[in-house]
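Reader: I am new to protein structures. Could you take me through one part slowly, in short steps?

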Amino acid sequence: MAAFNPSKVHYFASQPERCVCGISPSLKLLCDTYGKNKVCLWIASLIGNINLMALGSDTSKKMTAEQIADCAKGIVSNYDILKAAELMLFISRLKAGKYGKFYGVIDGMTICNALNDYLKERNEILCQAHNKLQESIQEKNKVMIEKWNEYQNTLEYAEMTKKWD
């Protein structure tokens, strides 16, 4: 989990397809491996980092430790299909303001609403990756058919088919 340190969150922003389609562990797998409490602590550290960045020194509008913990538990419980890299991508985008301003207040509902917006983007990334893969397969099939057709016109193929007759 060291690779998913809150200080490295911006690294993930430049590679959205890799975050979504790559092989990083899901939150469910992390919970099964490290325990739900440790995963919640990790997510809480990400949320705490947002909390500090978004509201600066105005502590009256920041989330309390209990609110952060509750939000982290909600993410683990409701979004366990997300991969660790995807959560880092989401946090990076959230910090960059991609899902709007916090308007002086940050809370779990705001974060979860933004996470739902991220899921729509995630689906678009998955669709684009799927389409790219399909195009690649079609191109390879086209090349193989062309090579097969060329091979059928060779003397070697003609001699081989004579043996079968």
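Which residue's side chain meets Lys-132 in a salt bridge? Please look closely at the salt bridges from there.

Author: The model is predicted. The partner of Lys-132 is Glu-17, and the N to O distance is 3.0 Å. Lys-132 lies in helix α6 and Glu-17 in helix α1, so this pair ties together parts that are 115 residues apart in sequence. Lys-132 is partly exposed, with a relative accessible area of 49%. Glu-17 counts as partly exposed too, at 35%.

Why do such pairs form? Side chains of opposite charge can pair when their charged atoms come close.

A search of the whole structure finds six salt bridges. Take Glu-86 and Arg-122. Their side chains meet at 2.4 Å, N to O. This pair also links distant parts of the chain: Glu-86 is in helix α5, Arg-122 is in helix α6, and 36 residues separate them. Now check the surroundings. Buried means under 20% relative accessible area. Glu-86 has 0%, so Glu-86 counts as buried. Arg-122 has 12%, so Arg-122 is buried as well.

Asp-32 forms a salt bridge with Lys-28, and their closest N and O atoms are 3.4 Å apart. Both residues lie in helix α2, four residues apart, about one turn of the helix. Asp-32 counts as exposed, at 56% relative accessibility. Lys-28 is partly exposed, at 43%.

Finally, salt bridges can join into a group. Here Arg-93, Lys-98 and Glu-121 are linked in a network of salt bridges.

Terms used. Residues are numbered from 1 along each chain as its sequence is written. This is a predicted model: local features need pLDDT of at least 70, side-chain atom pairs count only at pLDDT 80 or more; totals for chains, interfaces and linings use all residues. Side-chain values use heavy atoms; hydrogens and water are left out. A salt bridge is a side-chain nitrogen of Lys or Arg within 4 Å of a carboxyl oxygen of Asp or Glu. Helices (H or I, at least four residues) and strands (E, at least two) are DSSP runs, numbered from the N terminus. Buried means under 20% relative accessible area, exposed over 50%, partly exposed in between (1.4 Å probe, protein chains only).
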